[in-house]
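Let's take a look at where the greasy side chains of a protein end up. Here is the structure to explore.

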Amino acid sequence: WQQRVLQYSVERGGDHAVPSMAVVIQSMVNALASGVAYSIHPVTGRSFYVAVNALPGLAAPLVDGHVTPDSYVVQIGTDQRPVWIRRRTLANKAQRLIVTNDGLRYDAMPESTQSKSSLSDEQLFELGAMAKKIEQALGHPVDLEWAIDAHQLWVLQARPITGVRPSSE
């Protein structure tokens, strides 16, 4: 409701001086794994790599910077399809954030799974392909927040990658 915003709305919106409010209602995904994927390598800009950070459960601890995720680099072929996993760096994961009937809570990971990969090769390939499809649809490299539940991959948010130029070198 700042003056400059209202003035812009009047100038651009014609007779709709008061903007409508958007309300987004999104279901909570009971994530088995979640994280962030970049449709180009976020450091080098290499357009034939999709970088993925993942952890078991919900990604809030990753997004907040409180945990070290598993990190992967998926190589993409000339047909924009994943061809192989170029790098896989697994973190030790002592706990995960999960959805319960009483809300969110941290759950201890069994010792036998703490150093296992958060994602299968199939899931990594699906993420790589999805990142490239979204990049193509939007016309620019993207940073995706995603989650995988017991049934499917969910793309929760896609933003443009800024500060890194795509490179084929």
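## Out on the surface

Start with Met-21, which is exposed, with a relative accessible area of 75%. You'll find Met-21 in the loop between helix 1 (3–13) and strand 1. Together with Val-23 and Ile-25, Met-21 makes a nonpolar surface patch of about 440 Å². Keep in mind that this is a predicted model.

## Down in the core

In soluble globular proteins, nonpolar side chains tend to be buried together. Here, the largest nonpolar core has 19 residues. Val-52, Leu-119, Leu-124, Leu-127 and Trp-146 are the ones with the most contacts inside that core. Which elements each supply at least two residues of this core? They are strand 1 (33–38), strand 2 (49–56), strand 3 (70–76), helix 3 (121–138) and strand 7 (142–148).

Leaving out residues up to four places away in sequence, Leu-119 touches Ala-33, Val-52, Ala-54, Tyr-72, Arg-88, Leu-124, Leu-127, Trp-146 and Ile-148. There is also a second, separate core of 9 residues, including Ala-51, Leu-55, Ala-59 and Val-164.

## A pair of rings

How many aromatic pairs does the structure hold? It holds 1, and the partners are Phe-48 and Tyr-49. Their rings sit edge-to-face, 4.6 Å centre to centre, with 65° between the planes. That angle counts as edge-to-face because it is over 60 degrees.

How values were computed:
Residues numbered from 1 in each chain as written. Predicted model: local features only at pLDDT ≥ 70, side-chain atom pairs only at ≥ 80, totals over all residues. Heavy atoms only, no water. Core = buried A, V, L, I, M, F, W, Y, C linked by side-chain atoms within 4.5 Å. Buried < 20%, exposed > 50% of the residue type's maximum accessible area, 1.4 Å probe, protein only. Helix = DSSP H or I, 4+ residues; strand = E, 2+ residues; numbered from the N terminus. Contact = heavy atoms within 4.5 Å. Phe/Tyr/Trp six-rings, centres within 6.5 Å; stacked < 30°, edge-to-face > 60°. Patch = residues over 30% accessible without salt bridge, like charges linked within 9 Å, V, L, I, M, F, W, Y side chains within 5 Å. Areas by Shrake-Rupley, 256 points an atom, 1.4 Å probe, with all protein chains shown as cover. Salt bridge = Lys/Arg side-chain N within 4 Å of Asp/Glu carboxyl O.
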